[in-house]
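Please look at the model shown below and consider how its terms are applied. What grounds are there for each term?

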Amino acid sequence: MPKTLRHRGPDPEDARSFGARSLERLKAGASDLCWLLGRGYGITSATELVGDRHHLTRRQRIAVARCACSQTAAERRAAHSVTAPALRGQELWLDGFNVLTAVETALGGGVILIGRDGCCRDVAGIYSHYHKVAETIPALRLIGEYVARHEVTRTRWWLDSPVDNSGRLKAVIQEVAREENWSWDVELVLNPDRVLSSADQVVCSSDHEILDRCQRWFNLSREVISTHAPKARVVDLGSGVS
């Protein structure tokens, strides 16, 4: 990881893309996309239709796509979610990059999206590279403090091994856990989605495929952000979707 720490902060386009003047178009686009997904349209073609209709930029289209889901999916996710009191005595399995980068983004002043399912998502996401930023250690500590306060027995982080620097992030997570005496394990696997989708444990992720398949999940990113980052730049595209 680079010695010079960067921030998981706002994009130069964000003020215009997610400001008050754009919010109604974004919400309308998210609502339309949810409607199309509920009628069998593929996410790629449906996003293109919605983006063209509402004149959305590339970044806005990504945001709308990440926030949308069909009514069936939303109902299924709600039915399989658990509340914070239910975490006591449980083992949590975390979609590592997914959970961590959302909290990093919130702490760094980047845009946090709220989708129809109530999950927090960032716009940038992680593809093939991850870099430690100034918010990494604070985000890990906030996640750990939240989990410890709710008496989780063990937390297992699952990281995508193909992502650059995943091994280095593993070492960072382990070091924080040692310093705080937290019961954390970190696993590097080729495809965490497959592992988490079939897990018996409570899963923490905002990944659509995981949420549509897992048996139990907890909205950890949103809980940590709402509790510890009340000034985060949150853009709610899920409320009002019918």
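The questions and answers that follow set values against definitions.

This is a predicted model, in which local features need pLDDT of at least 70 and side-chain atom pairs count only at pLDDT 80 or more, while totals for chains, interfaces and linings use all residues. Residues are numbered from 1 along each chain as its sequence is written, and side-chain values use heavy atoms, with hydrogens and water left out.

Q: Why is Ala 15 called exposed?
A: The relative accessible area of Ala 15 is 54%. Exposed means over 50%, buried means under 20%, and partly exposed lies in between (1.4 Å probe, protein chains only). Ala 15 is therefore exposed. Its place is in helix α1 (residues 14–17); helices are DSSP runs of H or I with at least four residues, strands are runs of E with at least two, and both are numbered from the N terminus.

Q: Why do Phe 97 and Tyr 130 count as buried?
A: Phe 97 has a relative accessibility of 4%, and Tyr 130 has a relative accessible area of 1%. Both values fall under 20%, so both residues are buried.

Q: What makes the pair of Phe 97 and Tyr 130 tilted?
A: A pair of aromatic rings is described by the distance of the centres and the angle of the planes. Rings of Phe, Tyr and Trp (its six-membered ring) pair if their centres lie within 6.5 Å; planes under 30 degrees apart count as stacked, over 60 as edge-to-face and the rest as tilted. Phe 97 and Tyr 130 are 5.3 Å apart centre to centre, with 50° between the planes, so they form a pair and the pair is tilted. Phe 97 lies in helix α6 (residues 96–108) and Tyr 130 in the loop between β3 (120–122) and α7, so the pair ties together parts that are 33 residues apart in sequence.

Q: Which aromatic pairs does a search of the whole structure find?
A: The search finds five aromatic pairs. One of them joins Trp 93 and Trp 158, at 5.0 Å centre to centre and 50° between the planes, and is tilted. Trp 93 lies in strand β1 (residues 91–95) and Trp 158 in strand β4 (residues 154–160), so parts 65 residues apart in sequence are tied together. Trp 93 and Trp 158 are both buried.

Q: What makes β5 and β6 edge strands?
A: The open sheet of four strands has the order β5-β4-β1-β6, with parallel pairing. β5 (184–189) and β6 (202–204) each have a single partner strand, so one side of each is left without a neighbour in the sheet.

Q: Which residues touch the most other members of the largest nonpolar core?
A: Of its 39 residues, these are Ile 143, Trp 157 and Leu 220. A nonpolar core is a set of buried Ala, Val, Leu, Ile, Met, Phe, Trp, Tyr and Cys residues joined through side-chain atoms within 4.5 Å. Helix α7 (residues 136–149) gives the largest share of this core, six residues.

Definitions and conventions. Pairing = 2+ DSSP bridges.
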